[in-house]
Amino acid sequence: MAGATPSCVFCAIAAKSTSSNTLLYSDDKVVAFQDINPSAFRHYLVVPVAHIPTVKYLQRKTDDYSLVSHMLEVGKTLLNRDAPQSQQYRFGFHQPPLNSVNHLHLHCLALPYTPRWRSIKYLSLGPLGFIEAEKFLEKIKPLSVQSKV
Ligand SMILES: [Zn+2]
Ligand SMILES: [Zn+2]
């Protein structure tokens, strides 16, 4: 709600100060947990421990690039472990203003969508839609990383 500044729900989860979400993974940079309203056979969220509101706050710099790479790696590892039979994975971010929670979160989906119409939430609609993690990484890849192997 505008005006109110409730404590951020994802910060609370990352700080392990809530028991409503069981963490699937955690380290000093990121935590992963199940989406409370899953859109697919497996639907996980990977969020940074630090409060970063949206992808708009990420820049073409090594720290941000390695954070997002790490989030993607964690998501892939979890889905490979928990949904190896899935025919398709998707990893990406909702770009504001169409993001739900203002704390950066990587959606990790192992398809099929449940129910099917949920796929509409993950369409790539140019600058307003869902952006694939790999595509986003290209956008913020620092020049120093490009010149590496
Ligand atoms: Zn937060
Ligand atoms: Zn989202």
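1. In this predicted model, the largest nonpolar core has 30 residues, and those with the most contacts inside it are Ala32, Val46, Val47, Val68, Met71 and Leu106. At least two residues of this core are supplied by each of helix 1 (9-14), strand 2 (30-34), strand 3 (40-48), helix 2, strand 5 (106-113) and helix 3. Helix 2 provides the largest share, eight residues. In soluble globular proteins, nonpolar side chains tend to be buried together.

2. The axes of helix 2 (residues 62-82) and helix 3 (residues 133-140) come within 10 Å of each other and cross at roughly 165°. Since an angle over 145 degrees counts as roughly antiparallel, the two helices are therefore roughly antiparallel to each other, and helix 2 passes helix 3 in a left-handed crossing.

3. On the helix 2 side, this contact is made by Asp64, Tyr65, Val68, Ser69 and Leu72, while helix 3 contributes Ala133, Phe136, Leu137 and Ile140. Sorted by class, the contact comprises seven nonpolar residues, one polar residue and one charged residue.

4. Val68 deserves a separate entry: leaving aside residues up to four places away in sequence, Val68 touches Leu58, Ala133, Phe136, Leu137 and Ile140.

5. Ala14 is found in helix 1, and Ala14 counts as buried because it has 23 C-beta neighbours inside 10 Å, where 20 or more are required. Again not counting residues up to four places away in sequence, Ala14 touches Val31, Val47 and Val49. The C-alpha atom of Ala14 is separated by 19 Å from that of Tyr57, which lies 43 residues apart from Ala14 along the chain.

Key
Residues are numbered from 1 along each chain as its sequence is written. Chains are lettered from A and ligands numbered from 1 in the order in which they are written. This is a predicted model: local features need pLDDT of at least 70, side-chain atom pairs count only at pLDDT 80 or more; totals for chains, interfaces and linings use all residues. Axes are lines fitted to C-alpha atoms, for helices over the stretch in contact, and angles run from 0 to 180 degrees between N-to-C directions. Helices (H or I, at least four residues) and strands (E, at least two) are DSSP runs, numbered from the N terminus. Angles under 35 degrees count as roughly parallel, over 145 as roughly antiparallel, 65 to 115 as roughly perpendicular and the rest as oblique. A crossing is left-handed if the near helix is turned anticlockwise from the far one by less than a right angle, and right-handed if clockwise. Two residues are in contact if their C-beta atoms, placed from the backbone, lie within 7 Å. Ala, Val, Leu, Ile, Met, Phe, Trp, Tyr, Cys and Pro count as nonpolar, Asp, Glu, Lys and Arg as charged, and the others, Gly among them, as polar. A nonpolar core is a set of buried Ala, Val, Leu, Ile, Met, Phe, Trp, Tyr and Cys residues joined through C-beta atoms within 7 Å. A residue is buried if 20 or more other C-beta atoms lie within 10 Å of its own, exposed if 12 or fewer, and partly exposed in between; C-beta atoms are placed from the backbone.
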